[in-house]
Structures are given as structure tokens and as C-alpha cells.
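Trainee: I've got this one open in the viewer and would like to talk it through. Could we go over it together?

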Amino acid sequence: MTAFRTRTLAASGLAAAAVFASIGVAAPADAAETKSLKISGELEIAPDLEVLEITADGVTDDKGKTTGTYVATLLAGDDDNPLPFKVKGPITCIHTDGNTASLVYPIAATDPNLIPAGLSEALAVQITVRKGPGEDDNKVGVNGPAPTDSFKGCKPAATPYAFDGEIEIK
């Protein structure tokens with residue numbers, strides 16, 4: 001094989017590779033799966049001993065952007081006895097898989113406000129829920145607070161506590 005033919009084949013191969021690569025880049029990406037999660041109820045550490053009221057409503061759109069809000073209210077053993085302390089944050093990640101879902105929210109504020117402005121969203125919490133066959137079989141788990149950047153995605157974690165409330169996973 002002559003040097004000319006070798007250079008021609010090499011150039012043709014590089015050109016073909018460039019064409020195939022540009023086809024792959026130019027092809028439209030598959031749309032992300034739309035996910036949504038709504039939670040409203042209480043975390044029970046023992047039967048009828050409720051310590052946290054959880055309200056969350058979030059969605060991940062078909063472009064992969066997650067939005068939503070999370071509010072947790074401390075309870076003195078019963079949902080009729082809320083303590084004057086709430087934790088609030090934006091939902092930044094949602095994972096859904098059948099009857100299991102998880103979300104992550106950075107702690108943006110508390111009520112009363114106890115977070116200095118420079119530390120807003122420095123810590124985050126993961127909430128995982130498992131929807132049972134009956135409403136009395138729902139479970140919930142809390143992971144954190146931990147540094148916000150320590151959460152890489154939001155795959156479900158353990159759900160050791162009963163959840164007295166409603167879970168909507170889509």
C-alpha cells in the first residue's frame with residue numbers, strides 16, 4: 001500500500017468518524033421522564049406518637065428541572081399539638097420508582113428564622129416514602145440534615161417510620 005493510499009484511508013476514516021459523531025450530537029435527546037410527588041401527613045416514631053408533619057409538593061419536568069416546596073412542622077406527639085417551629089425549602093431532586101419515592105430539599109428557612117443568610121441552603125434533608133397497600137402501611141424515612149453537596153441524586157433510603165397521611169407518586 002502506498003503512502004498516498006494510507007493517508008487517504010486515514011483521512012476518510014477520520015471524516016467518517018466526524019460525520020457519525022456529529023449525527024449523534026445533532027440527534028435530539030430523549031425527553032426526561034416527568035415525575036411528581038405529593039406528601040401530606042405525619043411521621044410517627046411509635047403508634048400515635050407523631051413528631052413531624054410533612055407537606056411536600058414537587059415535580060421534575062420533561063427537561064429534568066425539579067421545582068417544588070417542602071415544609072416540616074415539629075409536633076408534640078400529635079398533629080393537634082404543633083410546636084412553633086417549621087423547616088422550609090425548595091425541592092431540588094425527585095426520584096420515583098413504583099410505590100417508592102424520594103426527594104431532597106436544602107433548608108432555606110426556618111420559622112422562626114434561625115438560619116443566618118450565609119448558611120441558607122448549606123444543609124439539606126432527604127425524605128423517602130414508601131406507599132403501602134393500605135394507607136396504614138405507608139412508611140417514611142429522614143436522612144440528614146447533611147451538607148447540601150453531599151447529596152448526589154436522591155435514590156431512596158431507609159423508611160423505618162410509619163407515615164400517617166397521603167402519598168401521591170407519579
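**Strands, bonds and surface**

Trainee: Let's start with E9 and E10: how many bridges join strand E9 to strand E10?
Mentor: Strand E9 covers residues 139-147 and strand E10 covers residues 161-169, and the two run antiparallel. One place to look is Val140, which stands opposite Tyr161 in E10. Strands here are DSSP runs of E, at least two residues long, just as helices are runs of H or I of at least four, all numbered from the N terminus. Two strands pair if DSSP finds at least two bridges between them, and for E9 and E10 the number of bridges is 2.

Trainee: Before I go on, what am I looking at, and how is it numbered?
Mentor: It's a predicted model, where local features need pLDDT of at least 70 and side-chain atom pairs count only at pLDDT 80 or more, while totals for chains, interfaces and linings use all residues. Side-chain values use heavy atoms, with hydrogens and water left out, and residues are numbered from 1 along each chain as its sequence is written.

Trainee: What is the strand order of the open sheet?
Mentor: The sheet has 10 strands with antiparallel pairing. Its edge strands are E5 (93-97) and E7 (109-111), each pairing on one side only. Neighbouring strands are turned by 20° against each other on average, direction ignored; the axes are lines fitted to C-alpha atoms (for helices, over the stretch in contact), and angles run from 0 to 180 degrees between N-to-C directions. The order reads E5-E6-E8-E9-E10-E1-E2-E3-E4-E7.

Trainee: And what pattern does the chain follow along the sequence?
Mentor: The secondary structure comes to 1 helix and 10 strands. Read along the sequence, that gives α-β-β-β-β-β-β-β-β-β-β.

Trainee: How many residues of E8 are buried?
Mentor: E8 pairs in the antiparallel sense with strand E6 (residues 100-106) over 7 bridges, with Tyr105 having Val125 in E8 as its bridge partner. Another 7 bridges join E8 to E9, where Leu123 stands opposite Pro147. Buried means under 20% relative accessible area, exposed over 50%, and partly exposed in between, with a 1.4 Å probe and protein chains only. E8 is mostly covered, the buried count being 6 of its 8 residues.

Trainee: Is Asp48 buried or exposed?
Mentor: Most residues other than glycine have a negative phi. Asp48 has a positive phi of about 60° and lies in the loop between strand E1 (35-46) and strand E2 (49-60). At 64% relative accessibility, Asp48 counts as exposed.

Trainee: What is the relative accessibility of Glu121?
Mentor: Glu121 is found in the loop between E7 and E8, and its phi is positive too, near 70°. Glu121 counts as partly exposed, at a relative accessibility of 37%.

Trainee: Last one: what share of the chain's residues count as buried?
Mentor: The chain exposes about 10100 Å², and carbon and sulfur atoms supply 58% of that; the areas come from the Shrake-Rupley method with a 1.4 Å probe, and for residues only the protein chains shown count as cover. Of the 170 residues, the buried share is 32%.
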